[in-house]
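Here are my notes for you, point by point. Keep the picture open while you read and look up each residue as it comes along.

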Amino acid sequence: MKANTKVAAIRSPEYFRLTAGLVFMIGVFAFGIWHAGHLPTLSGTGLLLLVASAIVGAYMAMNIGANDVANNMGPAVGSKAVSMGWAIVIAAVFEALGAIIAGGEVVSTIKGGIIDPAQIPQVSDFAWLMLAALLGAALWLNLATALGAPVSTTHSIIGAVMGAGVAAGGWGLVNWVTIGKIVASWVISPLLGGVIAVAILYFIKRSITYRRDMSQAAGRIMPWLVALMAWAFTTFMLIKGLGAILRLPIGQAVGVGLVVAAVVFALIRTPLRRAAAAGSNDKKAVNQLFTWPLVFAAALLSFAHGANDVANAIGPLAAIYETIRTGEVAGKAPAPLWILVLGALGLAAGLALYGSKLIRTVGKEITELDRMRAFAIALSATLTVILAAQLGMPVSTTHVTIGALFGVGFLREYLKTNYAKMEKIIHAGHKGSDLDAVEAYMKAFEMAPVAEKRVMLAEMKRRAKANDPDALVFAKKERKAMKKAYKSELVKRSMVLRIVAAWVITVPATAVLAALLFRITTWWDPGL
């Protein structure tokens with residue numbers, strides 16, 4: 001019996017993930033030893049530091065893949081536009097491509113300019129500071145992933161660099177203006193993402209699903225929505241996703257995006273109209289039309305994420321490598337191909353082994369998603385980043401995406417509650433009708449355009465006031481149960497509180513961790 005239990009444990013998915021992760025880290029260790037051996041000027045503490053930094057950098061990249069990628073793939077998986085398996089494959093490929101192709105030959109060593117490296121008293125302290133920041137941020141991301149809380153990896157590394165910087169050179173080392181902007185973004189990012197997502201989703205409902213001719217309305221509106229997405233993603237990639245290859249001013253990026261959007265509109269207008277006309281006149285058929293736009297959106301978001309957020313792992317690693325190699329502190333450092341590849345493989349490994357947990361949290365555990373809602377979330381994330389770039393506001397794509405999720409969830413809750421109130425009035429207005437007649441009227445009400453709903457609702461209110469409330473179609477107990485069912489929470493409040501708490505704690509938690517780790521490393525070896 002005990003033998004069978006041991007065999008089952010060995011075959012468990014968790015055991016496999018742990019083993020695969022350890023194999024990957026051992027491979028990084030072996031590569032670090034081999035690579036360090038080819039640097040003739042490296043020996044002693046410097047060699048140890050480079051190998052340790054490569055391992056910790058790979059560990060950080062794995063945690064970024066496990067936590068942050070969920071924001072790109074979660075809505076697509078939650079809406080069933082793509083399966084979990086395919087989501088992981090698509091994200092892993094595009095994350096790695098983004099990191100290697102557009103990750104940048106030169107990366108910023110101090111994320112966000114959070115500290116002034118010129119004020120660090122010793123060059124060796126800078127190297128140990130970066131290692132402590134990497135490890136502190138990685139440990140926090142690991143904990144957040146285990147708890148099922150999507151957090152900002154950028155804020156994690158910024159908090160860690162700040163904490164280690166204070167430990168190395170005092171409070172005056174920190175750029176407090178930048179810290180203030182980050183704190184403000186905790187509120188601005190999710191609110192902006194939520195508002196834009198709600199606006200997009202409500203427009204889709206008003207223009208497509210609130211109409212009797214859903215298929216015809218979808219054929220008219222969908223080409224414009226896809227063209228808007230093409231413009232948004234082209235602009236987004238030019239100002240963020242392809243920054244290391246081609247970076248355009250916001251005005252030029254918008255112009256190129258408009259050209260791409262016009263081409264896309266011309267190409268997909270007729271096929272989309274045919275697809276809409278061929279489908280049935282219901283929400284299920286309309287949802288199907290959003291499948292491929294969602295898949296492309298998730299792939300492009302993953303590419304942009306790999307290109308940008310890989311710097312959270314390779315930036316400090318490149319800083320350590322450059323410091324050891326030259327003996328100088330640099331605000332920017334070259335990222336050799338081996339560092340880019342290490343970051344890309346770490347992202348892909350973390351996503352493949354542990355990404356499903358957060359993808360499931362983002363896609364299924366916050367609120368129920370269909371493809372229209374997921375489309376609104378993906379488009380909101382890109383539009384918010386573009387708007388923030390134009391206004392000069394630092395925003396976290398994690399916060400934007402989660403805010404958009406909360407926004408569409410609360411919109412669902414609001415609409416369901418309002419519908420429950422309308423339903424009660426409809427029942428009251430149909431005094432003496434049997435259940436079939438009431439249900440038929442409710443279905444007609446649900447399918448009616450918004451303008452017609454207002455007329456029907458006004459008529460129901462007038463009739464309800466003229467009728468005796470004791471003669472309603474449903475008994476009071478039945479109406480109360482129905483109202484309670486519709487007012488059930490469509491957004492999990494406990495999940496909201498958990499995620500917001502994790503956001504607020506991220507910067508101070510990583511700062512404390514990194515400061516402690518810096519003190520520990522410099523106690524036993526203050527030099528290179």
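**Notes on the chain**

1. Let's start with the whole chain. Of the 528 residues in the protein chain, 54% are buried (buried means under 20% relative accessible area, exposed means over 50%, and partly exposed is in between, using a 1.4 Å probe and protein chains only). Keep in mind that this is a predicted model, where local features need pLDDT of at least 70 and side-chain atom pairs count only at pLDDT 80 or more, while totals for chains, interfaces and linings use all residues. Residues are numbered from 1 along each chain as its sequence is written, and side-chain values use heavy atoms, with hydrogens and water left out.

2. Next, the parts list. Among contacts with a separation of 6 or more, 84% join residues 24 or more positions apart (a contact means heavy atoms within 4.5 Å).

3. Now a helix pair. Two packed helices are described by the angle between their axes and the distance between the axes. For α6 (residues 123-147) and α13 (residues 311-326), the axes come within 9 Å and cross at roughly 155°. The axes are lines fitted to C-alpha atoms, for helices over the stretch in contact, and angles run from 0 to 180 degrees between N-to-C directions. The two helices are therefore roughly antiparallel to each other (under 35 degrees counts as roughly parallel, over 145 as roughly antiparallel, 65 to 115 as roughly perpendicular, and the rest as oblique).

4. Who does the touching here? On the α6 side, Val123, Phe126, Ala127, Met130, Leu131 and Leu134 make the contact, and on the α13 side Asn312, Ala313, Pro316, Leu317, Ala319, Ile320 and Thr323 do. That gives eleven nonpolar residues, two polar and no charged (Ala, Val, Leu, Ile, Met, Phe, Trp, Tyr, Cys and Pro count as nonpolar, Asp, Glu, Lys and Arg as charged, and the others, Gly among them, as polar).

5. Threonine 521 sits 390 residues from leucine 131 in sequence, yet their C-alpha atoms are 9.2 Å apart. Threonine 521 belongs to helix α20 (residues 493-524), and it counts as buried because its relative accessibility is 13%.

6. Have a look at histidine 155 in helix α7 (residues 153-169). Is histidine 155 buried or exposed? Its relative accessibility is 6%, so histidine 155 counts as buried. Leaving out residues up to four places away in sequence, histidine 155 touches Ile182, Ser185, Trp186, Ser396, His399, Thr506, Val507 and Thr510.

7. Asparagine 281 lies in the loop between α10 (250-278) and α11 (283-289). With a relative accessible area of 36%, asparagine 281 is partly exposed. Its side chain reaches the backbone oxygen of arginine 212 at 2.5 Å, and a polar atom of that side chain lies 2.7 Å from the backbone nitrogen of methionine 214. Asparagine 281 and methionine 214 are 67 residues apart along the chain, with 5.5 Å between their C-alpha atoms.

8. Last, a stretch with a contrast. In α4, nine of its nine residues are buried. Just after α4, lysine 80 takes a positive phi of about 65°, although it is not a glycine. Lysine 80 is exposed, with a relative accessible area of 65%, and is found in the loop between α4 (70-78) and α5 (84-102).

Terms used. Helix = DSSP H or I, 4+ residues; strand = E, 2+ residues; numbered from the N terminus. Polar contact = N/O pair within 3.5 Å; in protein donor to acceptor, adjacent residues only side chain to side chain.
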